[in-house]
Amino acid sequence: MNPETGHFEVVSYYSAKQGLQQLSGAKIHWPEDMGPPPDVPECGFLDNEPECIRRREGTGVLPFLASVIAVFILLVIGIVIFVFRHLREVEAANSTRWRILQEELLFDTGETKSRTTVDEKDSSRGSLSVAGTGGQGPTFVPTALHRGTQVALRKVTLFKRVEFTKQIITEIRQVREIQHENVSRLVGLCLSSSDRKITSEKWDQILILTEYCSRGSLRDVLLNVHIHLDWPFRLSLISDIVNVIKFEKKN
């Protein structure tokens with residue numbers, strides 16, 4: 001068939017006496033201009049030529065080797081990622097960035113006014129012994145300066161000394177990582193013991209340092225009888241609470 005016209009044309013004829021005779025000016029259009037096919041296929045009529053068999057076996061080995069290498073590389077990458085994450089977890093568990101030394105705190109000499117209702121206030125500069133009284137309405141919250149930032153203080157006294165295990169430290173680290181506009185951020189913990197003679201890593205006095213909220217917390221608003229909670233204000237509080245719950249569930 002002539003590819004230009006799309007019609008079949010006579011290009012040669014065969015006779016018993018003269019054999020195959022090419023017509024003058026006629027041209028055989030071979031597919032892809034590759035010329036006539038060989039008399040015998042490259043791999044034989046039964047596809048059993050030794051050279052072809054060796055070539056097929058060689059090409060079959062390469063994909064297998066490539067698959068094995070790919071699986072090995074993926075396995076190595078998986079092991080590296082697992083080890084890296086494990087090392088990060090160990091490093092985070094052993095990290096003491098959550099622990100704040102008493103020497104790092106600059107305690108207020110006076111009382112800082114806030115709506116926060118607490119049962120103690122700092123009585124001396126640089127001391128973990130904080131005590132005081134609370135009451136209705138705006139009261140005083142103990143604060144201190146940590147690296148130039150004002151933080152709120154809350155003292156917790158335990159009945160017995162406890163050791164901060166890896167699990168407890170992990171939970172503290174997770175709480176410190178919470179970042180939300182409606183959640184007071186945990187800055188860290190300052191640890192001490194009531195018995196100064198004991199040098200073990202067990203503590204019964206904990207000073208919790210949190211982000212200082214000058215306008216008070218949700219608890220302050222609910223306990224303040226002077227604040228009128230109209231419905232727009234209530235809906236705003238409910239919306240903030242729902243956002244915090246969604247954030248906690250997501251994270």
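Student: Where is Q205 found?
Tutor: Q205 sits in strand β9; strands here are DSSP runs of E with at least two residues, helices are runs of H or I with at least four, and both are numbered from the N terminus. This is a predicted model, in which local features need pLDDT of at least 70 and side-chain atom pairs count only at pLDDT 80 or more, while totals for chains, interfaces and linings use all residues. Residues are numbered from 1 along each chain as its sequence is written, and side-chain values use heavy atoms, with hydrogens and water left out.

Student: Is Q205 buried or exposed?
Tutor: Q205 counts as buried because its relative accessibility is 15%. Buried means under 20% relative accessible area, exposed over 50%, and partly exposed in between, with a 1.4 Å probe and protein chains only.

Student: What does Q205 touch?
Tutor: Leaving out residues up to four places away in sequence, Q205 touches K155, V156, C190, L191, S192 and S194. Contact means heavy atoms within 4.5 Å.

Student: How many bridges join β8 to β9?
Tutor: Six, and the two strands run antiparallel. Strands pair if DSSP finds at least two bridges between them. G188 has L209 in β9 as its bridge partner.

Student: And how many residues of β8 are buried?
Tutor: Seven of its seven, so to speak mostly covered.

Student: Which residues make up the largest nonpolar core?
Tutor: I100, L105, F107, A144, V151, L153, V187, C190, L207 and L209, 10 residues in all. β3 (105-107), β7 (149-163), β8 (186-192) and β9 (202-211) each give two or more residues to this core. A nonpolar core is a set of buried Ala, Val, Leu, Ile, Met, Phe, Trp, Tyr and Cys residues joined through side-chain atoms within 4.5 Å. Another core, of nine residues, lies apart from it and includes I169, L186, L191 and W203.

Student: What about V187, what does it touch?
Tutor: W98, I100, H146, V151, R176, L209, T210 and E211, again not counting residues up to four places away in sequence.

Student: Changing topic. Where does L62 lie?
Tutor: In helix α1, residues 50-94. L62 counts as exposed because its relative accessibility is 57%.

Student: Overall, how many helices and strands are there?
Tutor: Four helices and nine strands. Along the sequence the pattern reads β-β-α-β-β-β-β-β-α-β-β-α-α.

Student: What share of the protein is buried?
Tutor: Buried residues are 24% of the 251 residues. Of the contacts between residues at least 6 apart in sequence, 57% join residues at least 24 apart.
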